[in-house]
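Hi,

Here is the structure I promised to pass on. Have a look at it first, and then read on for what turned up when I went through it.

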Amino acid sequence: MESLAREKIKKAVVTAKTIEELEKIRIKYLGRKGIVTQAFKEIKSLPSEERIQEGKKLNQIKNLIQTLIAKKDKEIKLRNRNLKNEWLDVTAPGLKPQQGHLHLITQTIREIAKIFQKIGFNRVRYPEIEWDWYAFEGLNMPPNHPARDNWETFFIQDLENKKYGKGILTPHTSSGQLREMEKKQLPIRMLNIAKCYRRQSDISHAPMFYQFEGLLIDKDINVSHLKGTLDFFSKQYFGPKRETRIRPFHFRFTEPSFEVDVTCVICNGRGCSVCKEGWLELGGAGMVHPKVLANGGIDPQKYSGFAWGWGVERLFMMKYKIPDIRLLFSGDLDFLKQF
Ligand code: PHE
């Protein structure tokens, strides 16, 4: 098998200059009458031990030749390519990689947190899976109280605590109020932004949504502080021309309670088909009920405070006049890319 010396084959392949030359080498070794093909035939008559040995060697050589040829083939073709057909302009501007952005809700949450940070509110997060006590009873809504109907609650099967009652998915961020008070760090300036859950589903309500809850507790806090804080926020978020107003309302955990309105973003307060005579409703607020303070271990004789809880999606929808909350959860890129 002198004629199959590897070095010799290697040299032949490496020095080949054209595809035709390379093809000749292939035929010489691997063609139907090629040296390797012949050698395979010859070893058939050998005793089986030897035949296996020789067969192995031949296979190795065959693989080697194929690999060498394939490599050389690529090399020759690369060298032969027609450069005139290739476009290269090193001064042309590059292709900009597509860039995404944070989801609109995440953006809004960060914006809200930033605005309230300026006036000293600390962002916190409390459990989404909550006890009845924190979401209802501790907030002055005893079991079976009809006010609970407004928070169409998801209950968790077989989850119950002797002291704190049933396990639920928190229907509002107000459940964070008592948890914050329990930290026993006064004064309090809390901003609780979290997911909330209610059994609801239509163009302005989703079963999962976000709220941002503010809670401020200190000495000598009154309604004007509440009004000033929410006014500051509205102007920062919606723009300096926004006005806010508070209307009497009822919540069990605040006294007095309010609904907060902001001048309509569409008609600027003049009155149009979308708003109530120039006003759009933002959400609930009020002065923390003395009972709630006491439940949180705070002396209502010494301290007072205010709270509000508004929807993050609602805020965003109001600013950009989005008609359907489901757009925010749909992953529709044509919609999302506009922001
Ligand atoms: N938790 C109330 C809601 O979900 C809003 C609210 C928060 C009202 C704090 C008053 C004070 O509707």
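Let me begin with the cysteines. The sulfur of Cys267 has its closest cysteine sulfur in Cys275, 3.7 Å away, which is too far for a bond. A disulfide would need the two sulfur atoms within 2.5 Å. Cys267 counts as buried, because its relative accessibility is 5%. Cys272 is in no disulfide either: the nearest cysteine sulfur is again that of Cys275, at 3.7 Å. Cys272 is partly exposed, with a relative accessible area of 26%. Searching the whole structure gives 0 disulfides. Keep in mind that this is a predicted model, so please read every distance here as computed from it.

Next, the aromatics. There are 20 aromatic pairs in the structure. Take Phe116 and Phe212: their ring centres are 6.3 Å apart and the planes make an angle of 45°, so this pair is tilted. Phe116 belongs to helix α5 (residues 104-118) and Phe212 to strand β6 (residues 208-218), so the pair ties together parts that lie 96 residues apart in sequence. Phe116 is buried at 0% relative accessible area, and Phe212 is buried, also with a value of 0%.

Phe116 has another partner in Phe233, and that pair is stacked, with 4.8 Å from centre to centre and 10° between the planes.

The charged end of Arg179 sits over the ring of Tyr134, 4.0 Å from its centre. Lys166 lies over the face of Phe155, at 5.9 Å from the ring centre.

Last, helix α4. It runs over residues 48-80, 33 residues in total, and spans 47 Å from its first C-alpha to its last, close to the expected 48 Å. Which residues of α4 are buried? They are Glu54, Gly55, Leu58, Ile61, Ile65, Leu68, Ile69, Lys72 and Ile76. The cover over the buried residues of α4 includes α1 (6-15), α2 (19-30) and α3 (35-42).

Cheers

How values were computed
Residues are numbered from 1 along each chain as its sequence is written. This is a predicted model: local features need pLDDT of at least 70, side-chain atom pairs count only at pLDDT 80 or more; totals for chains, interfaces and linings use all residues. Side-chain values use heavy atoms; hydrogens and water are left out. Helices (H or I, at least four residues) and strands (E, at least two) are DSSP runs, numbered from the N terminus. The expected span of a helix is 1.5 Å times one less than its number of residues. Buried means under 20% relative accessible area, exposed over 50%, partly exposed in between (1.4 Å probe, protein chains only). Contact means heavy atoms within 4.5 Å. Rings of Phe, Tyr and Trp (its six-membered ring) pair if their centres lie within 6.5 Å; planes under 30 degrees apart count as stacked, over 60 as edge-to-face and the rest as tilted. A charge sits over a ring if NZ of Lys or CZ of Arg is within 6 Å of the ring centre and within 35 degrees of the ring normal.
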